[in-house]
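I am opening my notebook on this structure. I will look up a pocket and then a sheet.

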Amino acid sequence: MVYVVWVVSLNEAQQRAVRHRGGPLLVLAGAGTGKTRVITHRVAALLDEGVPPWRILAVTFTNKAAGEMRARIGDLCGPEMARAGMWVGTFHAICARVIRRHGHLVGLGPNFAIYDTADQKAAMKRVLKAQNVSDRAYRPVGILAQIDYAKNRGAGPEDLEELGVEEPLLSVVKRAWAGYERMLRAADAADFGDLLVLTVRLLKLARTSQDPLAEDAAALFTRFQHVVVDEFQDTNPVQGEIVGLLSQNAELCVVGDDDQSIYGWRGADVAQILRFPDRHPGCETIRLEQNYRSTTHILDCAEAVISRNQDRLGKSLWSDLGEGSKVVVSRLDDERSEAQWISSQVAQRVADGESPHEFAIFYRTHAQSRALEEALRAAGVHYRIVGGTRFFDRAEVKDVIAYLRILVTPHSDLDLIRVINRPARRIGAKTVDTLLGYAASQQISLFEALKHAQSAGLKKAAASRVTAVAELLASLREEVRDVAIDEQARLVVERTGYLEALANEDTIDADARLENIQEFIGSMGEFLEQSPEASLAEYLEMVSLSTSEAQQDARECITMMTVHSSKGLEFDHVFMSGMEDRIFPHVRAIDDRDEMEEERRLAYVAITRARRRLAISFTNRRFLYGDHQVNPPSRFIGNLPRTAIHELGRSSRRSTTLRAKPQVESTWDDDIVLDPDVDLSEEHDEADYDDRPAVPLYVGMQIRHAKFGIGDLVGWSGSGDSMRLNIRFADRGMKTILARFCEPL
């Protein structure tokens, strides 16, 4: 058999995984252990043994991975064999294929439409409008995120409360979901979540229905002899159910790594792989532990971090690549010195002949990239950002910049066009085109045209909305005339409703955008520290210059990304920045066992991306999201084995500084209420607050107020006497309150 020729290139564990027959198989494939190689060789072996291609189903998570799988199978067996009826694709592609053939069972035709993200948003906008729900108070993308999360959990509208959705959002989502489903079915359409949910419904109907039309669909239960699923740790419950239904008469092989399950926030359930042996009696588990990527010191650090997790099946990676360089753990003073240290290390090694594309810098959240980007530009190091956008090019940052440019140059039409309907004000493209036409005919700017909305030909309602924008911008220009530039930005995001709109969206993506806005405002504060007399125009000039660089060839750039984006990649040199508690691990995970375990898995993923060298850095203090933070070093640093690390920036003698308790600057003294709706007579006596301990702030922190109750911290500004908190209360909306009258929970 041809199979014998190429199987000798596999190690013993890989060969066992390829040859296993006769029952369910779980392949625990550690980072860098040749997972894809095992999957493609297993499929090739099945074909070589005479299994017809159409009796094999191979499922993965991305189109890129599916294409690579087909190509590798083709290399092993010939492209004709790989194309001869074999089902290889993503979960969504496989489900779409099933529904196209048998969709009549769930009310869809063979040519049904699949709504992408833009289509879904447009549909939800129409639903909310029909239900008289303000899309400013409840953004369509936020509602869709709640629905999609529920669908991925196999839940329906009746289960939303169990998933943590609370009033008043609960009632809005339930009504919107019902209207949205009616609209999709009427249009013979489905969204991505529907592809999964409807496939499960279709298969269950095919199994139980007496309808003759269901017989063809029932044939799917016996079609496949072998089912192979890649990245099984990333499956959600609905995907797990689909696998179970399609493999009930097939040999099932799932491949994955419970230690790399990092997508719980988007519905993945690590229990899918952890409980696989229990749910499949007779299952054999094969561990792939020989790592072909990293040196021993790097793997020792990865093992030291992940071994603290309780919910794992367990394995130990090893490598015959040698010990390699020790992992560098560097302590810096602040985020600027950290960024300068990293950029200088990269610049020196590139100057010594290392390839730029073999360097990567990781961070936990996108907002952390700003200081790093500035330092790299100063050092002349070209970079690209994977899975994200350069800081000043991010949509929410560009929106705030556009508003600020209007304050400086109100006749900047492009900036006004960008933000006239951000946040949503029901000012559509047709209205803007009408105003632009009028402005051209009168040889005036769009800003001036706003003041003559009815003369431009707008109807009364549209004219009223446009006039409100003109009045808002005019009042903002007056309000910011004599305040510092960072305060101008705070007023813009508050008075325009931008901050409130993001807060009401209540999604992880919206939280990230809020963090980016806070970081942007913080960058203005830093700019003022260096140039106290600088104007807003000078700051905007600096931003324009920093974003004018041409994109470089990827081979000439180092790579920057969040840790989540790094999964599946590898680099010779990796820098893990911002390794402090409340940053990595993220603040949301500090008091949540399950989330902390996912943070450990995330750290494990980051560490195992490095092939030759790994550097981990943390700071004594960090200016992030517009505020100074003093956090202890990441607890993950404290897990690292002494024999595998080399520490910089501190005494070589072991001390408690790596596990030190947080030292927090006082931020709660001398705060006053700014919100005009607050009745000061109801507040406590000032003396009640004298002895309260200092508390670090973070977006999403719960805050109690005597009058308004408990709310979520959206942002803050100032310090000492001028410290103000932007708090979103469930039933009172956004309030700006000075911190002395608030209690952190």
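**Pocket entry**

I looked up which element gives most to the lining of the second largest pocket: helix H7 has the largest share, six residues. The model is predicted, so I note that local features need pLDDT of at least 70 and side-chain atom pairs pLDDT 80 or more, while totals for chains, interfaces and linings use all residues. Residues are numbered from 1 along each chain, and side-chain values use heavy atoms, without hydrogens and water.

A pocket here is an open set of points on a 1 Å grid over the protein atoms alone, where a 1.4 Å probe fits, with protein on both sides within 12 Å along at least five of seven lines; lining residues have an atom within 4 Å of a point. I read a volume of about 930 Å³ for this second largest pocket, meaning the space filled by probe spheres set on the points. Of its 30 lining residues, Lys125, Asp135, Asn421, Ala424 and Arg425 are the closest to the centre.

**Sheet entry**

Next I looked up an open sheet. Seven strands form it, in the order S11-S12-S10-S13-S14-S9-S17, with parallel pairing. Strands are DSSP runs of E, at least two residues, and helices are runs of H or I, at least four. Two strands pair if DSSP finds at least two bridges between them. The edge strands are S11 (383-385) and S17 (645-648).

I then checked one pair. S9 (residues 327-332) and S14 (residues 610-619) are joined in the parallel sense over five bridges. Valine 328 has alanine 615 in S14 as its bridge partner.
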